[in-house]
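User: I'd like to learn how to read the packing in a structure like this one. Can you walk me through it?

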Amino acid sequence: MNPLQSELASQWITLLAAGMLVIQLLMVVQRMLLTNIRLFALQSLMLTAIAAIVAYFHNAAHVYWVAGLTLLGKVFFLPWLLNRQVRRIQIHQEIEPLFNSTASMLLCGGLTLLGYIVARPFTSLERLGNNTLGTAITLLLTGFFLMFNRRKAITQVLALLTVENGVMLAAVALSTYGMPLVVELGIFFDLMVAVMVLGLLVYRIRETFASMDVDKLSQLKG
Amino acid sequence: MTLLTPILIVPAVAGLLCLVLRSRRAMELANVFAFGITLALSLRLLAAVLAPPYAVTESSEFFRADALSAWMVLLISVVSLGSSLYAGRYFRRDLAAGAVTAGRVKEFFVLTPIFTAGMFLVVLANNLGVMWFALEATALSSVLLVALYNRKTSLEAAWKYVILGSLGLALALFGTVFTYAAAVDRQSATLPSFNWSHLMLVAGQLDPRMIKLAFVFVLVGYGTKAGLAPMHTWLPDAHSEAPSPTSAMLSGVSLKVTLYALLRFHILTTACLGTPFSRTLLLVFGLGSMFLAAPFILVQTNLKRLLAYSSLEHVGLICVGIGLNSPITIFGALLHMGYHALTKPVLFFAAGNIHQTCHTLQMRLIGLGVAKVLPLTAVCMGLAAASATGLPPFGLFFSELTVLSGGFAAGHILVSTLVLAALLASFCGILYQLTRILPGTPKIARNANAAALDSVPAMGLMLGALVVFSVWLPTPLLEVMERARDIIGGVQ
């Protein structure tokens, strides 16, 4: 691979990683549940593109597998599953966050800064793109924020999935080819099962509590 | 002859078999048989790792077992067998009382062997990424077990468990990725091996900053799943709301299996950095857990939550033992893992019997006089509690003494004194709490025949093993623990 090509790949990856971060921030301010699910699908699509670029420019066949699985699982299957669940249990569409949009945005700006500061000493170790590690850590931190800012069970599942996207980005950025295929497969499989288990629990919680609000889950103390 | 693959396959097959079986009796037997076979296999593994080259590998090093893994395999087998012996009769009583449906009981017998197979994979996988997804698999299979009763509280506990557990595991995956990145060769374009044994060989060449960052992520991540304070908040909920056989497995081995994963990273970090970085962190979190558990034990009102907090304290002590890093304290910590795995299930089994007889776990409502209503349960519980509080002649007394004396001998006076204080506090706590329910005359008439002599095989097996191994440790066991101690202590 010549240096020009390598530079091109690197720039594409930087751009797409930045796109993932922008989508994450959109999710922080977006209040409609179904839109949130679509945004997650779009974010996963960008991750797929990153994996495909890595596979193409580095001739790494097994990364195509990763790209394909991400496309099938995170862009199509999981959003479809979540959508169906939202419709089936007919929940109130709007998310009721703890912080309003402005405060959330400000906080996430701070978290982004923190993510980049944490990643700063390690930028020399990145092999693809610029500041992709910083972006990955920011996805983790804002994912945590999403999780505690939103009190509906299903939005917590979405937050968890964005954290997962962050991990995958870090894996691609730091080790060129992602992880060995068996590990990637295992992680993918676990993720699918995790969302199904979470979905089942959401359903049971809904049946028992007649609500999806996690604030109602507060009987156990001490 | 292959040894590791059958250990993984037998419980997984048993789980799948239970999917198609109709009769509950057959499902119970399938579970008991599967764990009986794995126990036999784990004894063979124990012998195998004691012969040179002191590690068993299979499928081109994809699976690997050294003394530390063999020790964990043994603990998992024993606790699973005990729990499955107890589970059959426990659920029969639950079904009779209408507390669960037949479908849910089937769910238990399917998921429990899969949960166990997941734990076996954690300790037998050589690849750190595989270890991660095996841990995730144990979390996912056990969360449905926690939610088995479908009560409001058990759903709440399951939700907390799965959300906090998944977050923790996401952090641990970040740490795992960082560890992998540290091993990537900057020059070559080939994918490096992600095997722990390979990483140990090249530990000196790994990027130290990356390894440090990775360990912090892994500690917080796996620490959450292992129930270290302050990330333990899910632990008392999940352990108290689960059915008693599941509580026994969660407290008895699942915590230690997660700790094992953390230990693998600790060993790697120490080999790479050559500094006390990771063991100091373990020490701090261990002490924190012990001190957090003690007050909660003293003021606890729920019997199973009391036992869960006691597990938190014991996990803390194990971390402290490893953090102190003298050969004696590490040995003490390993010994502690073993004795705790034999003690805690008995307590949960007894708590299960009390729950089914009194229909509550609130100690105020249970009231005095359990010994009159359920004499055998009360005796077993009393003995196990004496062991859990660290009274002689039970093993936990010796393991605690080993950690303490090792700590004092190595000159860690402050830490050892703090450990002693925390141990004393929880000793008083558990003793005080149990005197509120075990002795005396019952104020409320209870129907005792619900749980007459049923649970004797399970409790007898565990207590018997505890008493025997407290006074007599067979040489192979001793050797395995010594080898495991050397692996953790970094002695080659």
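Analyst: Let's start with the core: of the 264 residues in the largest nonpolar core, B:Trp71 and B:Val122 touch the most other members. The biggest contribution to this core, 21 residues, is from helix H6 (residues 152-183) of chain B. This is a predicted model, where local features need pLDDT of at least 70, side-chain atom pairs count only at pLDDT 80 or more, and totals for chains, interfaces and linings use all residues. Residues are numbered from 1 along each chain as its sequence is written, with chains lettered from A and ligands numbered from 1 in the order in which they are written.

User: What is a nonpolar core?

Analyst: A set of buried Ala, Val, Leu, Ile, Met, Phe, Trp, Tyr and Cys residues joined through C-beta atoms within 7 Å. Buried means 20 or more other C-beta atoms within 10 Å of a residue's own, with C-beta atoms placed from the backbone. Helices are DSSP runs of H or I, at least four residues, and strands are runs of E, at least two, numbered from the N terminus.

User: Which residues is B:Trp71 in contact with, leaving aside its neighbours within four places in sequence?

Analyst: Contact means C-beta atoms, placed from the backbone, within 7 Å. Here the partners are B:Leu334, B:Val480, B:Met481 and B:Ala484.

User: How many residues does the contact take from chain A and from chain B?

Analyst: Chain A gives 37 residues and chain B 36. On the chain B side, H6(B) supplies the largest share, 17 residues.

User: Which residues of H1(B) are buried?

Analyst: In helix H1 (residues 4-20) of chain B, they include B:Leu4, B:Ile7 and B:Leu8.

Key. Buried ≥ 20, exposed ≤ 12 C-beta atoms within 10 Å, placed from the backbone. Contact = placed C-beta atoms within 7 Å. Expected span 1.5 Å × (residues − 1).
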